[in-house]
Amino acid sequence: MPVTVVRFNLVAPGASPAELGARYRAALEMAAYADDRGVTTVQTEEHHGAENNWLPSPFAFAGAVFGATRRVAVTVSAVIGPLHDPLRLAEEIAVLDLLSGGRLVTVAGIGYRPEEYEQFGVDFARRGKLQDELLQTLLRAWTGEPFPYRGRTVRVTPRPGTEPHPLLLVGGSSRAAARRAARLGLPFFPSAHLPELEAYYKERLAEYGTEGWVMMPAAETALLHVAEDPDRAWARYGRHFLHEARTYASWQSGTVRSAVKSTATSVAELRAEGVYRILTPEQCAGLGLDSYVLHPLAGGMPVEEGWRSLQLFCERVLPALEG
């Protein structure tokens, strides 16, 4: 059975607070519906100061999802580690781990937008060192024992329930990220399909004498939307996918490698690229992928269309995958 993911970043260009509130509540209802029908993961993420209202608080959203669901995992992919106070983040994750019964998965990256660092007064040039401190602090904090931190002795309580600690992966597309994960004995989450980086990570594991594993996006990692009539859906809703694709493109320099990377400047180009795909239920079930990532509210997609996509996926695609 493939891994099935429903992704939410809650983007909604120009939305009012009332509209955003309705959208957030709809996302929670969608998560509960997906959980009841056997979807394995809800994925969310973090960006700050985006004009299109990109979700800035993934752990608050994760907590709400846990309250609305029973089984589904929530993956925060990724938290921008250096923007967070290490002790506070350790507490937040510990509480969510206890609340959810171990269903939280955290991927810690360093981000790639200098303006996000500027917003929080964090030195972009120090992000690597700050990430090292953050990861080391999380691992120490979750033991529940006192430890030295910035010249004082601190202790974080409560301890999380997951042993030896909540699932924490190091994300990134650089050798520095792979070395950081290997040195700490943490699993590595490359931000794109990068087999050469996986090999480098495994070499570093051997060098450091640590153990770890890789969770890497497949070579084909399309974001999916399900519709009875894809041509009609592209015509009516393609602009929402294009908005998200263009937002990503405006943020990513040539050195950033991502599983979601588009150069399209029109809906027609975006459709031809295949990064975003609108498929019939039969086409979706026939893809033969190891993981299916549904993106029902992409780029400000109307909530009612998001529901149609999710229901088609759960009622007609999932049963075919299980069979």
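Colleague: Why is Val-65 called buried?

Modeller: Its relative accessibility is 0%, and buried means under 20% relative accessible area, with exposed over 50% and partly exposed in between (1.4 Å probe, protein chains only). A value of 0% falls under that limit, so Val-65 counts as buried. Please keep in mind that this is a predicted model, in which local features need pLDDT of at least 70 and side-chain atom pairs count only at pLDDT 80 or more, while totals for chains, interfaces and linings use all residues. Residues are numbered from 1 along each chain as its sequence is written, and side-chain values use heavy atoms, leaving out hydrogens and water.

Colleague: Thanks! Where is Val-65 found, and which residues does Val-65 touch?

Modeller: Val-65 is found in helix α2, residues 58-68; helices (H or I, at least four residues) and strands (E, at least two) are DSSP runs, numbered from the N terminus. Leaving aside residues up to four places away in sequence, Val-65 touches Leu-28, Ala-31, Val-42, Val-72 and Val-74, where contact means heavy atoms within 4.5 Å. As for Ala-34, 31 residues from Val-65 along the chain, the two C-alpha atoms are separated by 11 Å.

Colleague: And Thr-106, is that residue buried or exposed, and how do you know?

Modeller: Thr-106 has a relative accessible area of 3%, which is under the limit for buried, so Thr-106 is buried. The residue lies in strand β4, residues 104-109. Its contacts, again without residues up to four places away in sequence, are Phe-59, Val-76, Val-79, Ile-93, Leu-167, Leu-168 and Leu-169.

Colleague: What makes the pair Arg-7 and Glu-45 a salt bridge?

Modeller: The rule asks for a side-chain nitrogen of Lys or Arg within 4 Å of a carboxyl oxygen of Asp or Glu. The N to O distance for Arg-7 and Glu-45 is 3.0 Å, so the pair meets that rule.

Colleague: What links Glu-244 to Arg-7?

Modeller: Another salt bridge, with an N to O distance of 3.6 Å. Glu-244 lies in helix α8 (residues 230-251) and Arg-7 in strand β1, so here the tied parts are 237 residues apart in sequence. Glu-244 is buried, as is Arg-7. Arg-7, Glu-45 and Glu-244 are therefore linked in a network of salt bridges. By the rule, the count comes to 19 salt bridges.

Colleague: What makes Leu-167, Trp-213 and Met-215 a nonpolar patch?

Modeller: A patch takes residues with over 30% relative accessible area and no salt bridge, joining nonpolar side chains (Val, Leu, Ile, Met, Phe, Trp, Tyr) within 5 Å and like charges within 9 Å. Met-215, for one, is partly exposed at 36%, so its value is over the 30% cut-off. Met-215 is in the loop between α7 (195-208) and β9 (223-226). Together the three residues have about 260 Å² of accessible area, by the Shrake-Rupley method with a 1.4 Å probe, where for residues only the protein chains shown count as cover.

Colleague: What makes Asn-53 worth a remark?

Modeller: Most residues other than glycine have a negative phi, and most peptide bonds are trans. Asn-53 has a positive phi of about 70° although it is not a glycine. This residue sits in the loop between β2 and α2 and is partly exposed, at 24%. Arg-150, likewise not a glycine, has a positive phi of about 50° and is found in the loop between β5 (147-149) and β6.
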